[in-house]
Structure formats: C-alpha cells, structure tokens
Amino acid sequence: MRAVRINLAKEIGQDLLRYKWLLLLAVLTLGSALAVVVITQETRQFTSEYNELMAEQDSLDIEWRHLLLEQNTLMEHSRIEALAREKLGMQRPAPVQEKLVTQG
C-alpha cells in the first residue's frame, strides 16, 4: 500500500472556502466581542469622569453660596453706612479726630 500524501495547507484553504459563511460569522462574533470590551471600558471612563465633574459642581455650588452670603453681608454693612450718612448725617471721623481708649 502506498501512503497518500495530503497537502494540509490546501485542505485548510478548501475548508475555509467551503464554509465561508461560518468563517464570516466567527469573525463577526469576535469583532462584536471586542466592541463590547472597548465600549464597556469607555463607559467606565466616562462614568468616572462624570462623577468627578459632579463632585466639582457640588464644590463650586457650595463656594457660590458662600460668596452670595458674603456679598449679602457686605451689602448690609454698606446699606447701613449709607443710611447713617443720609438720614442721620453721620460721617467717618478723620484720623486726627479719633481717640484711642485703653484699659488701665
């Protein structure tokens, strides 16, 4: 008996051509799986960035509220000073008119 020698590369090539739809489906499946991995990673990165931005927004909101309180406080002082000048005729004393009171 004579052994028949088969060209393995040729057989693999013929099988791939014969089952090209299966090969296409396998490639599409691998591509889809890779896309899922990439999209999941991007989603995690965007979620992390979103959380950081929300924390920064909270911090800026708190700072804004503090600045509004400070502005209202300063406006009250200047309003009282303006009323004292207009209605009571008061004015700030000159440095020479100031007297220092000490204990003792």
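Predicted model: local features only at pLDDT ≥ 70, side-chain atom pairs only at ≥ 80, totals over all residues.
Residues are numbered from 1 along each chain as its sequence is written, and side-chain values use heavy atoms, with hydrogens and water left out. Local features need pLDDT of at least 70 and side-chain atom pairs pLDDT 80 or more, while totals for chains, interfaces and linings use all residues.

**Exercise 1. Helix α2**

Compare the span of helix α2 with its expected span, then state what follows the helix.

Solution. 
- Take the helix as a DSSP run (H or I, at least four residues; strands are E, at least two), numbered from the N terminus.
- Helix α2 covers residues 20–88, which is 69 residues.
- The expected span is 1.5 Å times one less than the number of residues.
- Gly89 follows α2, and its phi is positive, near 70°.

**Exercise 2. Salt bridges**

Find the salt bridges and place each pair in its helix.

Solution. 
- Apply the rule: a side-chain nitrogen of Lys or Arg within 4 Å of a carboxyl oxygen of Asp or Glu. Side chains of opposite charge can pair when their charged atoms come close.
- The count comes to two salt bridges.
- One joins Asp15 and Arg18, with the closest N and O atoms 3.0 Å apart. Both lie in helix α1 (residues 8–18), three residues apart, so about one helical turn separates them.
- Arg85 and Glu81 also form a salt bridge, at 2.9 Å from N to O. They sit four residues apart in helix α2, so again about one helical turn lies between them.

**Exercise 3. Exposure classes**

Classify Asp15, Arg85, Glu81, Gln57 and Trp21 by relative accessible area.

Solution. 
- Use the cut-offs: buried under 20%, exposed over 50%, partly exposed in between (1.4 Å probe, protein chains only).
- Asp15, at 34%, is partly exposed.
- Arg85 is partly exposed at 42%, and Glu81 is partly exposed at 32%.
- Gln57 belongs to helix α2. Its value of 38% makes it partly exposed.
- Trp21 is in helix α2 as well. At 65%, Trp21 is exposed.

**Exercise 4. A nonpolar patch**

Which residues make the nonpolar surface patch, and what is its area?

Solution. 
- Keep residues with over 30% relative accessible area and no salt bridge; join nonpolar side chains (Val, Leu, Ile, Met, Phe, Trp, Tyr) within 5 Å, and like charges within 9 Å.
- Compute areas by the Shrake-Rupley method with a 1.4 Å probe; for residues, only the protein chains shown count as cover.
- The patch is made by Tyr19, Trp21, Leu22, Leu24, Leu25 and Leu28.
- Its area is about 700 Å².
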